[in-house]
Amino acid sequence: MVRITTDSTADLGELFAARGIEVMPLIVTLDGNEYLDGVDIQPDDIFRTYNEKKLLPKTAARSKENFKEFFSKLVAAGDEVVHINLSSKISMTHENAKAAAAELKGVYVVDSLSLSSGTGLLVLYADDLRQKGLSADEIYKLVSARVPAVQASFVVDTMEYLHKGGRCSGVTRFVASVLKIKPTILVKDGAMTVGAKYMGAFDKSILKYVDNTLREFDTPDLTRIFVTHSYAAPETVAAVKARVAELKPFAEIIETVAGSTITSHCGKGTLGILYLNDGGQA
């Protein structure tokens with residue numbers, strides 16, 4: 001059989017478990033201790049440590065040897081594997097997985113050029129194809145062809161984590177705080193960049209972001225859309241889901257909570273909508 005696998009940055013733990021999708025956890029180092037993402041560290045641990053000590057975690061890829069062991073267990077059972085990774089422009093995870101796959105038979109590795117549930121979109125698409133009975137090679141080719149279609153973006157509620165992590169200057173943080181600017185983080189060509197900036201309260205800014213995103217990327221695959229957030233207020237999430245439903249007839253609007261990677265970069269309250277923007281159906 002064909003097995004679909006991914007890494008922990010795809011942020012769809014329960015959905016993956018329900019589909020039998022194996023997940024390779026990345027490494028998170030926090031306050032001198034090393035953890036496995038989503039296994040023995042959660043975003044709450046990051047928030048607590050930052051509030052108490054002003055320390056942020058560092059994340060690391062798994063090694064080639066880790067991936068070879070991970071894949072070998074599946075291949076030994078007679079399975080072929082299609083593995084979908086976090087963007088190669090953000091982490092060495094993809095390169096290490098690809099190097100391991102080159103030493104095994106029947107393992108295909110896709111560079112998502114995305115992160116969080118942007119990667120998750122491709123993983124679920126791959127599993128949809130698996131359920132239709134396609135071969136690993138066919139799945140690999142079809143998923144790879146849809147990589148450019150991933151629309152992945154987020155609005156950040158606070159600049160504090162970006163500043164502490166060295167991703168914005170103190171002046172930028174100060175100006176954003178005073179003017180209440182909420183920047184959009186876009187995943188473009190596999191890397192994170194700053195997009196549109198919104199002024200005012202987060203609740204109003206996030207709805208403008210939804211409107212603008214669905215207007216700009218206006219040929220969505222209506223199979224599913226993710227509303228992904230790092231512990232945003234429930235009423236904010238509900239308002240976003242309602243606005244999405246009002247604007248486009250997606251078959252599924254799925255709420256997911258971002259894991260440690262997005263949390264460590266963007267902080268609490270970050271929220272985004274993510275979907276495949278090529279007009280196709282899975």
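Select strands S8 (residues 150-155) and S13: they pair in the antiparallel sense over 4 bridges. Strands, like helices, are DSSP runs numbered from the N terminus (strands are E with at least two residues, helices H or I with at least four), and two strands pair if DSSP finds at least two bridges between them. The model is a predicted one, in which local features need pLDDT of at least 70 and side-chain atom pairs count only at pLDDT 80 or more, while totals for chains, interfaces and linings use all residues. Residues are numbered from 1 along each chain as its sequence is written, and side-chain values use heavy atoms, with hydrogens and water left out.

Within this pairing, select Val 150; its bridge partner in S13 is Leu 276.

Next, select strand S11 (residues 225-229), which runs antiparallel to S13 and is joined to it by 4 bridges. Here His 229 has Leu 271 of S13 as its bridge partner, and Thr 228 has Gly 272 of S13.

How many of its residues are buried? The strand is mostly covered, with 6 of its 6 residues buried; buried means under 20% relative accessible area, exposed over 50%, and partly exposed in between (1.4 Å probe, protein chains only). Leu 271, Ile 273 and Tyr 275 point one way from S13, whereas Gly 272, Leu 274 and Leu 276 point the other way.

Axes are lines fitted to C-alpha atoms, for helices over the stretch in contact, and angles run from 0 to 180 degrees between N-to-C directions.

Finally, select helix H9 (residues 202-216) and helix H10 (residues 234-247), whose axes come within 10 Å and cross at roughly 25°. H9 and H10 are therefore roughly parallel to each other, a term for angles under 35 degrees.

Notes: Parallel < 35°, antiparallel > 145°, perpendicular 65-115°, else oblique.
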